[in-house]
Amino acid sequence: MRITLSGEEETTIVVEFKEAPDWTAGEFADRLDWYAQGLWPRGQSMEQLRESMDLVVRDYLIQKVAEDAGLDKSPEFVDFISNREREMRVTYFYYNNIIAGIDPTPQDIDAYYTEHRERYRSPASYKVAVFTSEKPELISLIADEWRAGASFPDLRDKYEEKDPALKSMGESTWIYMGQDPVADNVVSTLEPGGVSAPDIQNGVASVYKLIARREPRIVNYSEAKERIDGDAKTWYQEQALKRFLDEATAKFGVTINEKALNSLDLSTAPAE
């Protein structure tokens, strides 16, 4: 893809050099095409256009000075480029040949989810409401009234006046067992609707009400659609890579000499 220019714009000189051929707008567009589109100018903003021009000219000047300095003939640079070419070749082929076009259908995703349901097993979890204060006697009062049937909003409004630092939460998100050991222990014996005894940790008192409890279960697809869809695509890509490697291994007759490999002494390998 390339930015669009009119015929007259293509031949307009936009950069002049004393020691190199001038650039037309067409050549600038060609050079800009080497960069990610996020670096291209948008609209008619002269500031964005100049930023793009400065970037392209900067890189061109660095390239020219490096060439004049004989960088292309440097053994270290040649090795560096060779290594990068191998990396790019592998990466390009992986994305454009091995896994290209892998886009699991709903049926594919359902088959993956059915086969890998255990990956989506959720531990036991629960929801609570809680009041926290540095005044244990106040938390005791809240616990008694809460247990007697007072509502959370009424308790909050009443006791916030007595302790402006009172912290409260009407309903937590699902807390998984092991996520909050203190809360796990406090609510372990409660039934939904039950209120705990005041719990004091490091001088801070809390009282909990268990809102709901959920046993260990397999998460439904609808609850984790984005995660499952992503996992499924990754899995199908991994299968495509495995098939490719199996075929390539057979084609080239690859055999790892485990005995020789185990005898290698890598203790003297240079550190990176």
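**A loop residue, Thr-105**

Thr-105 is found in the loop that joins α4 (75-98) to α5 (106-115); helices (H or I, at least four residues) and strands (E, at least two) are DSSP runs, numbered from the N terminus. The model is a predicted one, in which local features need pLDDT of at least 70 and side-chain atom pairs count only at pLDDT 80 or more, while totals for chains, interfaces and linings use all residues. Residues are numbered from 1 along each chain as its sequence is written, and side-chain values use heavy atoms, with hydrogens and water left out.

Thr-105 counts as partly exposed because its relative accessibility is 32%; buried means under 20% relative accessible area, exposed over 50%, and partly exposed in between (1.4 Å probe, protein chains only). The C-alpha atom of Thr-105 is separated by 9.6 Å from that of Lys-233, although the two residues are 128 residues apart along the chain.

**Arg-214 in strand β8**

Arg-214 belongs to strand β8 (residues 204-214). This arginine is buried but has no salt bridge, and the nearest side chain of opposite charge, Glu-223, is 4.3 Å away. A salt bridge requires a side-chain nitrogen of Lys or Arg within 4 Å of a carboxyl oxygen of Asp or Glu. For charge, Lys and Arg count as positive and Asp and Glu as negative; His and the chain ends are not counted.

Apart from neighbours within four places in sequence, Arg-214 is in contact (heavy atoms within 4.5 Å) with Ala-124, Ser-125, Trp-174, Tyr-176 and Glu-223. Arg-214 also lies over the face of Trp-174, 3.9 Å from the ring centre. The criterion for such a placement is NZ of Lys or CZ of Arg within 6 Å of the ring centre and within 35 degrees of the ring normal.

Asn-202 is located in the loop between β7 (199-201) and β8. Its phi is positive, at about 55°, although the residue is not a glycine. With a relative accessible area of 81%, Asn-202 is exposed.

**Helix α7**

Phe-152, Leu-155 and Tyr-159 are buried in helix α7 (residues 152-160). Viewed down the axis of α7, the buried residues fall within an arc of 65°, so they line one face of the helix; the arc is that of the directions from the helix axis to the C-beta atoms. The buried residues of α7 pack against β4 (125-133), α6 (136-147) and β5 (167-169).

**Salt bridges**

The count of salt bridges comes to 13. One of them links Glu-27 and Arg-31, whose closest N and O atoms are 3.5 Å apart. These residues are separated by about one helical turn because they are four residues apart in helix α2 (residues 25-32). Glu-27 is partly exposed at 28% relative accessibility, whereas Arg-31 is buried at 13%.

Lys-242 and Asp-246 also form a salt bridge (3.1 Å, N to O). Both lie in helix α9 (residues 225-252), four residues apart, about one turn of the helix. Lys-242 is partly exposed, with a relative accessible area of 47%, and Asp-246 is partly exposed at 44%. A further salt bridge joins Asp-157 and Arg-156 (3.6 Å, N to O); Asp-157 is partly exposed at 43%, as is Arg-156 at 28%.

**Aromatic residues**

The model has 13 aromatic pairs. Rings of Phe, Tyr and Trp (its six-membered ring) pair if their centres lie within 6.5 Å; planes under 30 degrees apart count as stacked, over 60 as edge-to-face and the rest as tilted. One aromatic cluster is formed by Tyr-112, Tyr-113, Tyr-120, Tyr-221, Trp-235 and Tyr-236.
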